[in-house]
Amino acid sequence: MTDKNRVLIFDTTLRDGEQSPGATMTHAEKLEIAQMLDEMGVDIIEAGFPIASEGDFAAVSEIARRSQNSVICGLARAQFPDIDRCWEAVKFAKRPRIHTFIGTSPLHRAIPNLDMDQMAERIHQTVTHARNLCDNVQWSPMDATRTEHDYLCRVIEIAIKAGATTINIPDTVGYTAPRESADLIRMLLERVPGADEIVFATHCHNDLGMATANSLAAVEAGARQIECTINGLGERAGNTALEEVVMALKVRHDIMPYDTAIDTTKIMGISRRVSQVSGFAVQFNKAIVGKNAFLHESGIHQDGVLKNVETFEIMRPADIGLNEANIVLGKHSGRAALRSKLNDLGYEVGDNQLKDVFVRFKALADRKKEVYDDDLIALMQDSAANTDSDYLQVKHLRVVCGSDGQSADLTMIVGDEEKTVHAEGDGPVDACFNAVKAIWPHSAVLQLYQVHAVTEGTDAQATVSVRMEEDGRIATGQAADTDTILASVKAYVGALNRLKVRREMVGEGADAKHVSMYSH
Ligand SMILES: CC(=O)SCCNC(=O)CCNC(=O)[C@H](O)C(C)(C)COP(=O)(O)OP(=O)(O)OC[C@H]1O[C@@H](n2cnc3c(N)ncnc32)[C@H](O)[C@@H]1OP(=O)(O)O
Ligand SMILES: CC(C)C(=O)C(=O)O
Ligand SMILES: [Mg+2]
């Protein structure tokens, strides 16, 4: 490594990430993810644990064969058979690496029942063996952050002398804190002979939510390799998230002047793919890649962002390859955001119309969690179709339905008059239409009645279309509402309004043909 400020990104999504309970990926999925990692500029891909299973061996071998730029690494315990099997898999790579490890803390030394000297000897033998096979060897003292400093210095020196080219310092159980993480790397750089000739890596787990902070602190202290995973996948609470450390180094380059080779515009794509193949949904408020990470819902934020995006955004969505709108409309949105969104959808609204639409929009947003583009289009169509100046207007509707029968209590404005009726019917819609007939008797026949959901979810708006025929004249009506029955009545009444207008026009000598509520 020539540039002293260059930080290597070591991705272990396919090894530690796959250790997340339930995150197992298929062979084909692993190959696909490895290719994406290679293409986005990951320096080292830990592709698996070759001795763990035939499947892991096959995946690591195939990833090694297909690798283009990244170093391909496999994990091995401090045992010759593990190391041999690892080499058998990674040797196909243009740039192979063997990563061997053993737990060095008191708790972990007790597992294989080795005393300090026996373990030191095992480290010497296994790292030497690995180095005889491969000139790129990484060694990890597992649970380094809970290992006695003197012993840690001693075994790292042994590993370096045996040929390790990278020394990884795992915070295996996510126990360390940022200052401690930095102090540890500084201490090792000062005390271990030969430390300046190898790369120190940091491998943090997120048990206390400090993995990203710990990794960055280690880098500031001299570590030059960060081990991480896409979406922070990994054992228990996961590993350091690649997207977090990479974007932190990019956005705060002013205070952390370290560079990676990652093409950050590929972050969103790989995050989504890893989420799909692992079956691990990304939490909505996850830094960088969460669904809400770049969304603004409240009016004051939206107004600020529309005036100057930097008011509420420290990075651009495009920096991580996200090209979707950053404004989401909901109950906290204001007029500025609504107007901007309507403009995007092709609607030019004047101040008065905006006032009217805004009232309807807020009423809808109170009933729906999120107002999608299609909801707005339906709302605009509804506003165009059913206005306060219509002769017939639905004022109030109460429907009873269920196994004991269906009825509707409907109040409508008819001209200047308010009328209320109670009607029954064969189903709630029929009861409502009978109520309309009772208030506004007509001979028009319903020719078509169609309902469709505008967006997904049980709170979705329904758009209802009706077509009616009276004395050879045809009129259509359409309405949208989260209440399907109300939308049905409004569409029905809308068509009746059109027929009434049509009748009057014919009375004035106009030609009776097809009349629609909409010009389009
Ligand atoms: C912090 C980490 O992420 S470490 C990596 C963890 N990942 C995995 O374990 C996933 C893959 N693992 C596996 O598929 C299996 O555990 C295997 C194939 C590696 C081993 O399976 P088994 O032989 O049945 O052993 P088992 O899993 O029950 O126990 C682990 C053994 O490895 C030993 N061991 C654990 N780590 C090391 C090490 N770094 N070096 C040497 N031996 C080790 C343990 O002492 C234990 O040995 P024992 O069987 O003599 O008691
Ligand atoms: C194998 C090692 C590096 C590991 O994953 C850990 O200690 O967390
Ligand atoms: Mg780990």
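Why does Leu114 count as partly exposed? With 19 C-beta neighbours inside 10 Å, Leu114 falls in that class, because buried takes 20 or more other C-beta atoms within 10 Å of a residue's own, exposed takes 12 or fewer, and partly exposed is in between, with C-beta atoms placed from the backbone. Heads-up: this is a predicted model, where local features need pLDDT of at least 70, side-chain atom pairs count only at pLDDT 80 or more, and totals for chains, interfaces and linings use all residues. Residues are numbered from 1 along each chain as its sequence is written, while chains are lettered from A and ligands numbered from 1 in the order in which they are written.

**Around Leu114**
- Leu114 sits in the loop between α4 (106-109) and α5 (116-133); helices (H or I, at least four residues) and strands (E, at least two) are DSSP runs, numbered from the N terminus.
- Leaving out residues up to four places away in sequence, Leu114 touches Arg109, Met119 and Arg122, where contact means C-beta atoms, placed from the backbone, within 7 Å.
- Leu114 and His149 are 35 residues apart along the chain, and 18 Å separates their C-alpha atoms.

**Cores**
- The largest nonpolar core has 90 residues, and Ile45, Ala47 and Ile167 have the most contacts inside it; such a core is a set of buried Ala, Val, Leu, Ile, Met, Phe, Trp, Tyr and Cys residues joined through C-beta atoms within 7 Å.
- Helix α8 (residues 211-221) gives the most to this core, with 7 residues.
- Apart from that core lies another, of 42 residues, with Leu338, Leu379, Phe433 and Ala491 among them.
- Not counting residues up to four places away in sequence, the contacts of Ile45 include Asp11, Leu14, Ile63 and Cys73.

**Helix α8**
- α8 is mostly covered, with 10 of its 11 residues buried; among them are Asn214, Leu216 and Val219.
- Those buried residues pack against β6 (166-171), α7 (178-191), β7 (199-204), β8 (225-228) and α9 (242-251).
- Gly222 follows α8 and has a positive phi, near 130 degrees.

**Ligand 1**
- Ligand 1 is surrounded by 15 residues, the closest being Ala52, Arg77, Ala78, Ile102 and Pro112; a residue is near if its C-beta atom, placed from the backbone, lies within 6 Å.
- The shell around ligand 1 splits into 9 nonpolar, 3 polar and 3 charged residues (nonpolar: Ala, Val, Leu, Ile, Met, Phe, Trp, Tyr, Cys and Pro; charged: Asp, Glu, Lys and Arg; polar: the others, Gly among them).

Methods
Contact = placed C-beta atoms within 7 Å.
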